[in-house]
Protein chains: 2
Amino acid sequence: MRPIKALRADGMPIGELSRLCGVNIETIRYYEKIKMLPAPLRTEAGHRVYGPKETRMLAFIRRGRELGFTLDQIRALLNLGGPEKASCAEVREIAKHHIEDIRAKINDLTKLERLLRKTVAQCSGGKVPDCPVLDILDTQGRIKTSRT
Amino acid sequence: MRPIKALRADGMPIGELSRLCGVNIETIRYYEKIKMLPAPLRTEAGHRVYGPKETRMLAFIRRGRELGFTLDQIRALLNLGGPEKASCAEVREIAKHHIEDIRAKINDLTKLERLLRKTVAQCSGGKVPDCPVLDILDTQGRIKTSRT
DNA sequence: CTACATCCTGTAGCTGCTACAGGATCAAGG
DNA sequence: CCTTGATCCTGTAGCAGCTACAGGATGTAG
């Protein structure tokens, strides 16, 4: 049984796909290894040959990553959007869940930023022994132990 | 030369430090390995013994991580806040830089959230063939398909 | 004295890549 | 036809910052 072969004319090599999608070569091979992308056809010499299908898929993955989806979430989305065009409701669920994650992250970061900003504002920048920035980091009195 | 030894009475074992600081045991040992924490004294049997100094240090690190500082940043802060109580200006610089990073991250996430929220809002949840969520992920027409 | 908790070292795994090493293959110029 | 240089291949190891074992050695309570 011969592995399916392709001619160069059937598609593009990995480097071109890489440039096209803005995903670097090693990442593409990595996606193949972890089965985010199907194994493509190969030329006689063993070079990968990609067609428009893979291009769309990879572009989808890249976009998903840009939007902060994990590879697992993207996998789920790919499966849902796959051949059977499953229910949009499921897609919606994944996206909504992701939005909640994002909101939570924004909240945390916003609180953090306020705290740090306020603290830095109090900082003279001189050689003060009690630097307010170090103070918020320092936990003296907050942990249940004693002295020093 | 004998390795410095300690009695149990001199301090606490790693498990207690772990509970005290809310940092898990393996992480403490990991910090020691990467030299975020100094190697503590040991009992005759080789068990680590921690005192208040290490406790404060670990608590400082933990707090820094909570505030989103990288270990390298925290290392820098620890050095600055160290024996010489170096200039507050340097601490301030690190913190300000970190704040900028946070702001950038918040901005990205906020844009993202708006996009996703808007998209999900358009989603009926039914079995529509064209799911808007999949559409923003899909890049058809956006990639420089075939010959550029 | 026996459980059982806690400690030790060391290694491998996680996510999402990136960066080699050490070859094979391809396309173009001489 | 041959050489150069770009591109391809596989495989492994590394990044941050941990976490999770395996397989022992100790400590402590009943």
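The following legends describe several close-up views of a predicted model.

Residues are numbered from 1 along each chain as its sequence is written, while chains are lettered from A and ligands numbered from 1 in the order in which they are written. Because the model is predicted, local features need pLDDT of at least 70 and side-chain atom pairs count only at pLDDT 80 or more, whereas totals for chains, interfaces and linings use all residues.

**View 1. Overall make-up of chain A.** Chain A contains 6 helices and 2 strands; helices (H or I, at least four residues) and strands (E, at least two) are DSSP runs, numbered from the N terminus. The order of its elements from the N terminus is α-α-β-β-α-α-α-α. Of the 148 residues in chain A, 23% are buried. A residue is buried if 20 or more other C-beta atoms lie within 10 Å of its own, exposed if 12 or fewer, and partly exposed in between, with C-beta atoms placed from the backbone. The mean pLDDT of chain A is 78, and 72% of its residues reach 70 or more; pLDDT is the predictor's confidence in each residue, from 0 to 100. Residues 140-148 of chain A have pLDDT below 50, and this stretch has 14 contacts in the model beyond near neighbours in sequence. Two residues are in contact if their C-beta atoms, placed from the backbone, lie within 7 Å.

**View 2. The surface near DNA strand C.** Around DNA strand C there are 20 residues, of which Ala45(A), Thr70(A), Pro13(B), Gly15(B) and Arg48(B) come nearest. A residue is near a strand if its C-beta atom, placed from the backbone, lies within 6 Å of it. Two or more residues each are given by helix H2 (25-33) and helix H4 (71-80) of chain A, and by helix H1 (14-21) and helix H2 (25-33) of chain B. This surface near DNA strand C holds 6 nonpolar, 7 polar and 7 charged residues. Ala, Val, Leu, Ile, Met, Phe, Trp, Tyr, Cys and Pro count as nonpolar, Asp, Glu, Lys and Arg as charged, and the others, Gly among them, as polar.

**View 3. The surface near DNA strand D.** The residues near DNA strand D comprise 6 nonpolar, 7 polar and 6 charged.

**View 4. The largest nonpolar core.** Within this core of 20 residues, Leu17(B), Leu58(B) and Val91(B) touch the most other members. A nonpolar core is a set of buried Ala, Val, Leu, Ile, Met, Phe, Trp, Tyr and Cys residues joined through C-beta atoms within 7 Å. H3(B) supplies the largest share of this core, 4 residues. Not counting residues up to four places away in sequence, Leu17(B) touches Met12(B), Ile28(B), Tyr50(B), Glu54(B), Thr55(B) and Leu58(B).

**View 5. Glu66(B) and Lys35(A).** Glu66(B) lies in helix H3 of chain B and counts as exposed because it has 12 C-beta neighbours inside 10 Å. Lys35(A) is found in the loop between H2 and strand E1 (41-42) of chain A. Its phi is near 65 degrees, a positive value in a residue other than glycine. Lys35(A) is exposed, with 9 other C-beta atoms within 10 Å.
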